[in-house]
Amino acid sequence: MAQTIKIVICLFLHLFSLVISSGLRLELTHRDSPNSPLFEPNLSDFERFNKSVEISKARASRFHRFNLQNASLRVPLMHHESLYTVDIGLGTPVTKRTLIFDTGSHLTWTQCKPCIRCFKQNQPLFDIKKSSTYRLMLTRNKLSRGFKCRSEGCFYLMQYYSGQFSRGILAMEDFTFGTSARVLTRVANMSFGCGTTNVGDFGEGVSGILGMDKVPISFARQLGPRIKNRFSYCLTKIDSNNTKESSSYLSFGDDAVIKGVNARSTPFVRMVPDTHYILKLNDISIAGQKLGLSKGTFPEGCVVDSGASISLLNGNAFVKVRNFMLVYFSRFKNVRRLMGNEVPKGLICYMHVVSNTEGLFASFPSMTYHFEGADYEVPWDNSFMMLGKNVFCLAMKSENITILGAYQQRNMRIVYDLKDDKMSFAPEDCSRGAA
């Protein structure tokens with residue numbers, strides 16, 4: 001009888017955990033927030049913008065080379081130049097891990113003890129001997145496909161084109177989240193990489209990566225039905241001088257919804273291999289006028305990437321955008337284009353020549369991405385980045401691939417639906433913390 005009661009209680013607790021875990025959430029911290037472990041306090045606004053450009057260029061290399069080489073375990077991103085981090089609990093008892101949030105990577109991993117070679121991190125290494133819920137992934141686990149397995153376990157190697165890499169063993173562990181009800185909940189039996197040889201500069205403030213792409217072993221795909229196969233985020237605007245700024249949140253399940261009637265949806269493009277979040281982009285409008293881009297302008301689609309700071313356009317599309325901007329701003333006699341050494345190479349920047357009687361320039365054009373079946377509207381303050389009071393730059397650059405970056409996703413609820421393979425979105429005041 002006692003054994004039966006014990007079984008019933010265990011089943012109840014398990015079901016209760018599944019219900020609670022449907023509304024999980026994690027706080028996202030931007031690198032330019034004073035609260036970020038990646039924060040660089042001495043950078044000027046111009047230097048931060050330049051850093052944003054370099055981060056996006058690194059992401060372009062990451063996706064472009066992936067497509068060329070089909071290298072599912074090779075991720076050419078310099079991860080110390082990452083944009084967002086999350087704090088998550090690992091093991092029993094729970095230890096806090098600060099991980100890089102990456103919708104372009106699949107494996108979640110952290111540095112583990114005993115470590116053969118590890119990069120320097122502020123947090124203690126995860127000690128597998130002190131966690132009662134740690135165990136090795138079985139070789140028959142379906143998530144082990146694509147990894148090298150022997151009798152003693154399954155092993156991974158994540159290599160990065162910048163020379164960084166992480167090598168270790170695949171394991172199972174409990175992860176602990178917060179919820180919108182401000183309580184902690186535990187999700188058991190999550191696969192992750194326990195890194196014992198990790199080389200490169202990932203940043204001392206982080207201890208690994210939270211992989212969120214479309215591959216089965218990614219964190220989001222593992223959670224699957226427990227989060228109703230969906231996650232979302234709402235990115236706030238960042239003030240590098242404000243330590244009390246509103247937080248952005250990564251939400252799962254019941255919290256990953258759009259409130260109201262303004263939601264629009266567009267399907268993800270299925271690629272081989274099907275790993276990244278890619279949309280079909282048909283055209284772009286500026287100030288309400290379509291550029292009339294030809295049908296084959298975006299053969300690679302448009303990658304939705306929270307890890308890229310500013311957006312990128314392939315060369316053919318960017319030329320059309322640049323030419324439109326040159327004509328548009330030529331109408332204003334008090335606006336001068338910055339050239340040469342005044343701006344980073346390839347960027348479109350202007351200076352508003354302010355008189356004593358004039359206020360700040362306010363005639364910025366908005367942009368619209370015309371995705372398959374849905375228009376994604378980018379307000380002017382998400383299209384242009386202000387560098388001081390009278391200098392502004394288009395937050396977009398020409399590269400070999402098209403990416404919708406985080407700057408253009410601010411104050412927009414983005415929902416990734418893994419079941420129906422689509423992205424939904426709607427404008428939202430992310431500072432209200434309703435994620």
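This is a working chat about the predicted model shown above.

Biologist: Which residues touch the most others in the largest nonpolar core?

Modeller: F177, F252, I284 and F329 touch the most other members, in a core of 76 residues. Helix α4, residues 315-329, gives the most to this core, with seven residues.

Biologist: What does F177 touch, leaving out residues up to four places away in sequence?

Modeller: Its contacts include L24, L26, I88, V183, L184, F219, L223 and F252. R25, T185 and V187 are also among them.

Biologist: And which residues does the second core include?

Modeller: I100, M172, F202 and I209 are included. That core is separate and has 17 residues. In soluble globular proteins, nonpolar side chains tend to be buried together.

Biologist: New topic, disulfides. How many are found in the whole structure?

Modeller: The search finds five. Counting bonded cysteines along the chain, the pattern is 1-6, 2-3, 4-5, 7-10, 8-9.

Biologist: Start with C112. Which residue does the disulfide join it to?

Modeller: C194, with S to S at 1.9 Å. The torsion about the S-S bond is -105 degrees, and the link is left-handed. C112 sits in strand β4, residues 109-113, and C194 in strand β10, so to speak distant parts of the chain, 82 residues apart. Both cysteines are buried.

Biologist: What about C349 and C393, left-handed or right-handed?

Modeller: Right-handed, because the torsion about the S-S bond is about 105 degrees. This pair also links distant parts of the chain: C349 is in strand β21 and C393 in strand β25, 44 residues apart. C349 counts as buried at 0% relative accessibility, and C393 counts as buried at 1%.

Biologist: Where do C234 and C430 lie?

Modeller: C234 and C430 form a disulfide, their sulfur atoms 1.9 Å apart. C234 is in strand β12, residues 230-234. C430 is in the segment after β29, 196 residues apart from C234. The link is left-handed, with -75 degrees about the S-S bond. C234 is buried at 2% relative accessibility, and C430 is buried at 3%.

Biologist: Sheets now. What is the strand order in the open sheet of four strands?

Modeller: β20-β21-β25-β24, with antiparallel pairing. β20 and β24 stand at the edges, each with a single partner strand, so one side of each has no neighbour in the sheet. The twist from one strand to the next averages 30 degrees.

Biologist: How many bridges join β20 to β21?

Modeller: Three, and the two strands run antiparallel. R336 has M351 in β21 as its bridge partner.

Biologist: And β19 with β26, parallel or antiparallel?

Modeller: Parallel, joined by four bridges. N314 stands opposite E399 in β26.

Biologist: Which way do the β19 residues point?

Modeller: S311 and L313 point one way, L312 and N314 the other way. All are buried.

Biologist: What is phi at N189?

Modeller: About 60 degrees, a positive value although N189 is not a glycine. N189 is in strand β10 and counts as partly exposed at 39% relative accessibility. N411 has a positive phi too, near 55 degrees. N411 lies in the loop between β27 and β28 and is partly exposed at 25%. Most residues other than glycine have a negative phi, and most peptide bonds are trans.

Biologist: Where is S218?

Modeller: In the loop between β11 and α3. S218 counts as buried because its relative accessibility is 0%, against a cut-off of under 20%. Beyond four places in sequence, S218 touches H106, G211, M212 and D213.

How values were computed. Residues are numbered from 1 along each chain as its sequence is written. This is a predicted model: local features need pLDDT of at least 70, side-chain atom pairs count only at pLDDT 80 or more; totals for chains, interfaces and linings use all residues. Side-chain values use heavy atoms; hydrogens and water are left out. A nonpolar core is a set of buried Ala, Val, Leu, Ile, Met, Phe, Trp, Tyr and Cys residues joined through side-chain atoms within 4.5 Å. Buried means under 20% relative accessible area, exposed over 50%, partly exposed in between (1.4 Å probe, protein chains only). Contact means heavy atoms within 4.5 Å. Two strands pair if DSSP finds at least two bridges between them. Axes are lines fitted to C-alpha atoms, for helices over the stretch in contact, and angles run from 0 to 180 degrees between N-to-C directions. A disulfide is a pair of cysteine sulfur atoms within 2.5 Å.
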